[in-house]
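I opened this one to see how two chains sit against each other. Here are my notes.

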Amino acid sequence: MLNFMKSRPAAPLVRDQAEIDASYRHWRLHILLTMYLGYAVFYFTRKSFNFAMPDMLASGILDKADIGMMWTLFYLTYGCSKFVSGIISDRANPRYFMGLGLMATGVINILFGLSSALWMFVALWIANAFFQGWGWPPCSKLLTSWYSRTERGFWWSAWNTAHNVGGALIPLIVSTIALQHGWRYGMIVPGLIAILAGLLLCWRLRDTPSTLGLPTVGQWRQDALEMAQQTQDVGLDPRQILRKYVLGNPYIWLLACCYVLVYVVRTAINDWGNLYMTEQRGFNLMSANSAISMFEVGGFIGALVAGWGSDKLFNGNRGPMNLIFAMGILLSVGSLWLMPFFSYVMQAACFFTIGFFVFGPQMLIGMAAAECSHKDCAGAATGFVGLFAYMGAALSGYPLAKVMEIWHWNGFFVVISVAAGVSALLLLPFLKAQAPRPLAVETG
Amino acid sequence: MISRLASYVAISLAACFIFAAGWFCLWSIGLHLVESPVLAVLLFPFGLRLGLLLQSPLRYWPPLLLCEALLLHWLDREVGMPLWPLILAGSLLTLLPLLIARRQRVRDDWQQLLVLLATVTVAAALQSLLWHLAGEDGLTALLLTLTGGLTLTSTCMLIWHYLTRATWVPLGPALVDQPVDWRFRHLVWYLLLFVLSLGLQLGLPDSLVRFTPFCLAIPIMAMAWRYGWQGALLATLMNTVALMAGQAWHEHPLDLLLSLLAQSLTGLLLGAGIQRQRELNQALTRQLAHNRQLTERLLETEESIRKEVARELHDDIGQTITAIRTQAGIVRRLAPDNPHVGQSSALIETLSLGIYDAVRGLLGRLRPRQLDDMSLEQAVRGLLRELELERRGIVTRLEWGLADEALSDAQRVTLFRVCQEGLNNVVKHANASAVTILARQQADRVLLQLDDDGCGLPEQTPQGYGLLGIRERVQALGGTLRLSCAQGTQLTVNLPSRKREESHD
């Protein structure tokens with residue numbers, strides 16, 4: 001029954017060079033656009049609850065503790081689902097995997113809008129987290145199979161901005177609808193959009209180039225690096241690949257640990273930022289939220305700069321750019337902490353810089369994970385680091401709330417500054433691996 | 001052309017974004033240390049600009065300067081910085097020392113550090129002169145610019161150096177086979193030092209106020225000693241963070257700024273000084289290694305010449321003397337009745353035999369002939385037989401664990417000579433009853449040991465002179481010769497093995 005979900009065997013090769021060029025050009029662009037739209041809409045169904053929540057709080061359906069619990073459960077389930085579906089998606093057809101996942105989240109959002117019991121909310125939100133995990137791995141599979149090693153930084157970063165576009169649009173949409181028609185519509189409308197977008201994905205997305213009878217992208221672009229990655233350990237079976245290149249790969253573990261810390265910062269700013277603005281700086285909720293959306297704008301630019309810059313300035317090596325941005329996170333967190341001007345613009349500028357620096361590593365680490373693992377387990381590798389990322393996100397929920405209870409906002413900032421600093425340190429062995437060794441002796 | 005332009009624009013944009021974001025963050029952090037927003041620009045953002053301009057290619061200067069101007073203008077509108085055109089003018093003025101610094105042909109790292117120091121000083125002086133002329137407090141400006149400049153430019157240089165010291169190669173899945181180079185020891189040291197200096201800055205009571213500043217110098221010196229200028233600058237950076245964290249909430253920003261300045265200066269100068277020593281040291285080490293190679297080669301050459309001369313002598317003179325003796329015999333037989341002829345020919349024969357013996361002795365000293373025909377071990381055994389040790393009642397033991405292929409010709413000859421000289425001493429002076437010869441390979445060294453249970457060496461002997469000559473040879477080959485007369489005589493020779501040398505080169 002689920003056979004259509006499986007990745008097809010390679011189709012007979014197309015011989016005509018002009019035809020190959022044409023379909024590559026066509027599909028590279030269209031797949032990117034479709035993935036972009038799809039992933040942005042995944043954000044709609046993921047964040048809809050965050051912005052419908054104030055209205056639900058106001059109408060007394062939920063209280064703050066329930067919300068904290070739902071967040072933590074969501075992040076944990078989402079992280080696990082990302083890893084599991086990463087393993088599955090390496091052998092699945094991204095077209096239906098991503099499309100059906102998106103439709104499922106849509107259905108769940110609609111059901112959420114129709115329910116009223118707490119256990120129902122929790123159950124539905126966990127189910128939503130599960131299907132949310134179907135979004136990223138297919139994308140990383142497509143991004144590693146349609147775009148080659150030397151240009152991937154740019155394509156991946158362009159796609160990555162879907163995070164920010166989705167994250168910036170959803171508060172506007174849901175807040176407006178919830179304000180006018182109540183929170184139920186605030187959940188149902190994103191759900192409907194998701195179902196429509198899911199149908200579009202099933203229609204417009206394609207599997208890897210080989211299933212369309214095209215040569216691999218490395219051969220098409222004559223990218224030596226890409227071809228080297230393709231020929232690495234061809235004969236291994238998927239289980240061995242997973243064990244060798246993901247679970248037993250120390251560099252993936254390193255990236256995963258670093259990702260935990262980056263996500264502590266990202267989620268802390270994202271989820272607690274508006275509380276900081278309203279509680280500490282005395283803004284109203286609307287301007288607080290719009291200042292937070294500067295975080296996404298900064299992230300949009302930061303991801304592009306980081307991805308493209310790592311291709312252009314460091315030959316597709318993600319390490320140095322990662323280090324620069326990790327140091328930037330430390331600086332920018334410090335600047336938000338110490339900023340003595342409480343005007344809206346200054347605070348928004350701080351959020352902008354944090355977003356700018358956070359989304360560099362947020363993207364580069366995922367990309368590096370896909371590139372450091374086997375061609376056939378890109379989804380599992382990104383899913384694996386994603387699992388850790390959302391452990392970090394879960395950490396910045398309840399545990400961070402405890403820290404704030406005891407040490408107030410200073411404690412909050414100390415925690416995220418330390419997280420940023422340590423994440424930069426964790427990148428150092430990764431940089432060492434990339435640098436030619438003999439030169440590295442002197443600098444320590 | 002178009003693509004180059006596009007790439008230039010894109011790189012400039014990316015650089016400007018990173019620069020602007022960093023600039024803004026540093027400005028915001030600096031606001032805590034000074035009274036007004038415009039002075040905060042003179043602190044860290046000033047240094048960031050100097051540091052980046054100093055390192056980046058000339059063609060990216062205009063976008064960076066433009067970016068800074070826009071930032072200043074924007075901040076003026078937001079928080080009010082009426083003096084911002086002055087800063088802009090100052091940043092244009094400081095291009096002068098930057099341009100001069102770029103023209104310096106600098107070969108060594110330590111010179112680069114000094115150039116950096118000079119550039120920052122001149123740039124800070126220019127900026128604060130402008131400040132002074134505008135009727136503001138020039139001294140404060142000088143302090144701020146110097147502090148920020150030294151702190152940030154050295155950090156920029158450190159990072160820039162780290163990022164550009166190698167061409168970066170993309171990573172692939174092949175990485176999985178490469179073990180992680182954790183460098184735990186280094187990381188732990190960094191962290192320990194950092195935590196220590198942070199703890200000292202935060203934790204010491206006010207009664208120890210004289211002691212605290214000295215603690216800043218210790219990590220700088222330790223790291224500079226271990227890692228050169230990079231270590232010094234890294235320690236300075238860690239100190240800066242610790243100082244800022246420790247004193248940002250205190251009452252005296254002037255004190256903090258001055259200590260930041262002083263410790264940055266310490267780091268830079270110490271870094272430059274130690275780096276110079278390190279570079280000299282490295283040059284010296286290289287030169288020494290080179291010298292050793294040269295002497296080794298000299299010895300090899302000498303040995304090969306000796307070998308050649310010995311062979312020629314042996315072949316030529318041996319034949320000639322045989323011919324002379326034959327001729328003398330013929331002469332004697334041609335005139336059997338003449339006693340004078342007989343006498344003369346006998347004399348000729350004796351004399352030529354004398355020459356033959358003399359030449360043989362000479363040959364032995366020139367080159368042990370045994371080594372041409374057999375292995376070193378067999379040659380040493382031959383030596384033992386030749387000296388008739390058994391007959392003299394000396395028990396010998398030979399343990400030979402060396403393969404000849406691992407030794408160069410000079411080494412073989414030297415080892416043989418050591419055995420020869422040592423055994424001669426045993427026979428002549430030691431009055432020993434047992435002698436042991438041990439030869440073995442030990443990691444990358446060759447070890448030869450001669451032990452006897454005799455009465456040691458006599459105080460002054462001509463043979464001691466022979467050993468002296470051998471000691472010089474051994475040293476020239478990069479080895480050591482030790483002679484101890486505690487219980488009997490023990491002669492130990494230690495040579496670097498040839499295989500390692502070659503693989504090392």
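Below are my entries on the chain interface and on one helix pair.

Ground rules: I'm looking at a predicted model, where local features need pLDDT of at least 70, side-chain atom pairs count only at pLDDT 80 or more, and totals for chains, interfaces and linings use all residues. Residues are numbered from 1 along each chain, chains are lettered from A and ligands numbered from 1 as written, and side-chain values use heavy atoms, without hydrogens and water.

Entry 1, the interface. I looked up the contact (heavy atoms within 4.5 Å) and found 51 residues from chain B and 61 residues from chain A. Together the chains bury about 5,100 Å², 75% of it on carbon and sulfur atoms; buried area is the accessible area (1.4 Å probe) lost on putting two parts together, summed over both. Trp168(B), Leu171(B) and Pro173(B) supply 14% of what chain B buries against chain A, more than any other three residues.

I took helices as DSSP runs (H or I, at least four residues), numbered from the N terminus. In chain B, the axes of helix 5 (residues 84-93) and helix 7 (residues 109-133) come within 9 Å and cross at roughly 145°; axes are lines fitted to C-alpha atoms over the stretch in contact, with angles from 0 to 180 degrees between N-to-C directions. Among the residues that meet, I noted Leu86(B) and Ile87(B) in helix 5 of chain B, and Leu130(B) and Trp131(B) in helix 7 of chain B.

Note on methods. Helix = DSSP H or I, 4+ residues; strand = E, 2+ residues; numbered from the N terminus.
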